[in-house]
Amino acid sequence: MRLVVLLVCACFVSLLRAEDGSRLWLRMERNADAAEVRVERGTKRTATVDIAVRELEDYWKGDGKVVLRVAEDGPARDGFSIGRTEKEEMVLTSASGQGLLYAAYGLLRMQQVGDTLGVGQTVSDAPAYDLRILNHWDNPDGTIERGYAGRSIWQWDELPGTVSPRYEAYARANASVGINGAVLNNVNAKPLALSSDMLRKTAAIADVLRPYGIRTYLSVNFASPKALGGLPTADPLDADVRQWWVGKVDEIYRLIPDFGGFLVKANSEGEPGPQDYGRTHADGANMLADVLAPHKGIVMWRAFVYKPSSPDRACQAYEEFMPLDGKFRDNVIVQVKNGPVDFQPREPFSPLFGAMRHTQVMPEFQVTQEYLGQSIHTVFLATMWKDVLSAQTYHDGETVAAATLRKVSAQSVSAIAGVANIGDSENWTGSDMAQANWYAFGRLCWNPDMSAAQLADEFLKQTFSADEGFVGPMRQVLLRSWDAAVSYMMPYGLHHIFAGEHHYGPEPWYHPGGDIRLDWLPSYYHRADSVGLGFDRTREGSGGAAQYHEPLSTLYGDLRTCPEEYLLWFHHVPWSYVMRNGLTLWDNLCYIYNHGVDEARHFATVWEGMRPYVDATRYERQKARFDRQAKDAVWWRDACLLYFQQFSGLPLPADCPPPVHKLKDLMKYHLDIDNYTAAGMDKLP
Ligand code: BDP
C-alpha cells in the first residue's frame, strides 16, 4: 500500500513539475525525435513555412507524416485546410505560407485539446477579420499605460543591437492564436516614437515579428511635425506638414517594407489633433491616409473623443463622427471602443456600430483589465466581447460583428483591435488566468462565432490541464466571472464609479477637490440623489438612447422596456421602482451586490479544489488572487451599498448580510497605486 502511495505521489510530482506560466497555452512536450514533415515540391520555403515545419517537427506526435502544400486553389488569405488521408498522412493546405503556419498551430491545438480527424476527413478554417491587432499602450521609458504585468517587453534601451528572445516568443504566441498585427506604442503617443533612432529600433522588432505574419504599426502623435520636425504648425492642410509626413513615412517604409500603418488618438484627453487648427477628424485622417496609401498603409483613427463641456460624454463619439460618415478615405478605419463611454464593466455597444454605413469601423476591446480588477481578478472577457459582437444593431439587420466585417469598398479591409495585457512579467500577463483573455481575443478575432465555453475549454486544456475534473469546474468559473464582476462592481448599468486615476476598487464618492472635469467624477455617472440612481439618457435627459436604431432607441428609452442590465445606464430610477422580479431597485441592488460576493467566494473555493491539477507555483499565485478577489467583492459591495444608502435612506433587506466595513473607513482609505500587486494585496481593505 505504502508503495502504491509513493508511486502515485512520484507520478504527481513529475507530472506537475514547476511552471512559471511563461509557456502560456503552448505547453506541448517536445518530441525526442523530430516528426516527419514534408514540404511539397513547388511550395516555397519561406521563413514562415520554415517555422511551420519546425513547430510540427518539434511537437506533432501523430503516427503518419505531415505534408505541407501551398496550392493556388487552396483556401485563400490566411485560411487553411487540414486533411487526413488513407495513408495516415496529415495534409495541410493553404494559398499562402502564412496559412500553413496557422494550419500548423491549428493541428497542434487539435492535438492538445484532444480533437481528432477521421481517415478521409478534412477540416477548413479561415479568419473572419482581415486585421487582428494588439494595441500596446507601452511608453518609450518602459512603463505601460494601464499595464499590470510589469514593464514593457520592448527593451528600447538595448535595441536595435540586442534583440530580446522574448520578441520571438511573443510573435509565436500571437501567431498561434491568429493575431497578425501589433501597434507597439501607447495611443498617448510621444513624438519621439517617430525619431530616426526609434524607427531603427522598431524595425528590429518588426524583423522578428514578420516571419510569424505579424505586421508592425505605430501610434503617432498628431503634432509630430511640430514637436519632432520643428515646423510651426501641424495643420493637416498645410503643405509643409504634409511633406513632413511624406518624408517620415518614406523613411519608415525604407526600414520596414511591410509596415502596417498608424493608429491615432487625436483631440482626446488633451492629445493634439486636427481640431486644433479648425479641421475635422476626416481632414486629419485623410491627410495621413493619402501619405500612407502608396505604401499600402492604413490609418486607424480612434473615435474615443469627449469634451469637458458636453452634457453627456456617452453621446460625443456619435455626435462628432456621424456627420463625417463617408468622408474618410478607403484606407482609414475608425476604431471604436466597444461601448460609448470607456471599457466599463458592462456597457451597451457603441451606437456608432452599424450606424456608419460608408466608413470602415473596427471594434476596440480592452484586454488589459483596467476597469475589471487588473491583474488580480479573474474576469474572462470573451463573454463580454461576444455579448458586444453578437448584439443586434438593427441597421440592416447587422450585428456588431457583421457591421464591422462588412467592407464599405473594394479596397477596404476589416479589422479589430485589443489593448494588450502583456508585460515583462514571467507569465506575460501578471495573472496566469489573464492569459485567457489574450488567448480568447486572438481566437475570437479569427472566429467571432466561437462560443465562450469553447474558448474557455481550449484555453484551460492547453494552459493547465485537460482533465475534466479541472476543465469542468473552471469552465464554469470562467463563464460566470464577467457576470460576477459586473454584479459586485457596477450592476444594472452603473458605470465609472471607480477610485480616481488608477481605477482599482470602488470610490463612488471620488472627488479630489479643486477644478477637476466633472466627467472625471463618479457622481457625473451615477447621479445618486434622494429620488434615485442612474444617468437619464431618455429624451427628457441627454437623449443618448436616441442614438440607437429603432427598435432599440424606444426599447432603451422606456423605463418599462429597458433591459435591466442597462437600467441605470439609460434611466434615473427611483429607489422604490419595482423591477421585473417584484422587488424594488434598492432591494435588488443589495441582492445583486451580494450575489457578486457569493460568486467571487465560490470561485475561490472552486480553485482550492484544483490543487491536484495545477503545479504549486501557479496554484499558489492564483489562489492569492482568487482570495483577494473575494475580499475585493466585499469591499465593492460595502462601499457602494453604504454610500448609496446615504441617498436612498433605506435599510438593507433583512436577509442581506451586514457590511464588513464602515463607510467612513473606506472613504478615508487611499490605495497606493504601487501597492496593489501580489506583494501588497494584503494591504487592501
Ligand atoms: C482610458 C484610460 C486612459 C487611456 C484612454 C484611451 O484610462 O489611460 O489613455 O482610455 O483609450 O480608459 O485613450
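**The ligand and the fold**

Modeller: In the side chain of Y371, an N or O atom is 3.3 Å from an oxygen atom of the ligand, a polar contact in the sense of a pair of N or O atoms within 3.5 Å (inside the protein, one atom must also be able to donate a hydrogen and the other to accept it, and residues adjacent in sequence count only if both atoms are side-chain atoms). For K337 the corresponding distance, from a side-chain N or O atom to a ligand oxygen, is 2.7 Å. For E145 it is 2.3 Å. The ligand taken alone exposes 310 Å², of which the protein buries 97%; these accessible areas come from the Shrake-Rupley method with a 1.4 Å probe, and for residues only the protein chains shown count as cover.

The model is predicted, so local features need pLDDT of at least 70 and side-chain atom pairs count only at pLDDT 80 or more, while totals for chains, interfaces and linings use all residues. Residues are numbered from 1 along each chain as its sequence is written, and side-chain values use heavy atoms, with hydrogens and water left out.

The shell around the ligand holds 14 residues, the closest being E145, K265, R302, K337 and E370; a residue is near the ligand if one of its heavy atoms lies within 4 Å. By class, eight of the shell residues are charged, four are nonpolar and two are polar. Here Asp, Glu, Lys and Arg count as charged, Ala, Val, Leu, Ile, Met, Phe, Trp, Tyr, Cys and Pro as nonpolar, and the others, Gly among them, as polar.

Next, the barrel. Eight strands form a closed barrel with parallel pairing, in the order 6-7-8-9-10-11-12-13. On average, neighbouring strands of this sheet are turned by 25 degrees against each other, direction ignored. Strands (E, at least two residues) and helices (H or I, at least four) are DSSP runs numbered from the N terminus, and two strands pair if DSSP finds at least two bridges between them. Axes are lines fitted to C-alpha atoms, for helices over the stretch in contact, and angles run from 0 to 180 degrees between N-to-C directions.

Strand 7 (residues 181-183) pairs with strand 8 (residues 215-220) in the parallel sense over three bridges, and G181 stands opposite R215 there. Strand 8 in turn pairs with strand 9 in the parallel sense over four bridges, with L218 opposite F262. Strand 9 and strand 10 run parallel and are joined by four bridges; V264 stands opposite W301 in strand 10.

Helix 10 (residues 382-389) lies across strand 12 (360-366) and strand 13 (415-419), running at about 160 degrees to strand 12.

There is also an open sheet of five strands, with the order 1-2-4-3-5 and mixed pairing. Strand 1 (37-39) and strand 5 (122-125) are its edge strands, each pairing on one side only. Strand 3 (residues 80-84) and strand 4 (residues 90-94) run antiparallel, joined by four bridges, and V91 in strand 4 is the bridge partner of G83. Helix 3 (residues 97-113) packs on this sheet, touching strand 2 (66-70), strand 3 and strand 4, and its direction makes about 145 degrees with that of strand 4.

Some backbone details in loops remain. The L159 to P160 peptide bond is cis, with omega near -5 degrees; P160 sits in the loop between strand 6 (131-135) and helix 4 (165-176). The bond from E550 to P551 is also cis, with omega near 10 degrees, and P551 lies in the loop between strand 14 (532-533) and helix 16 (552-557). F343, in the loop between strand 11 and strand 12, has a positive phi of about 50 degrees although it is not a glycine.

Key
Contact = heavy atoms within 4.5 Å.
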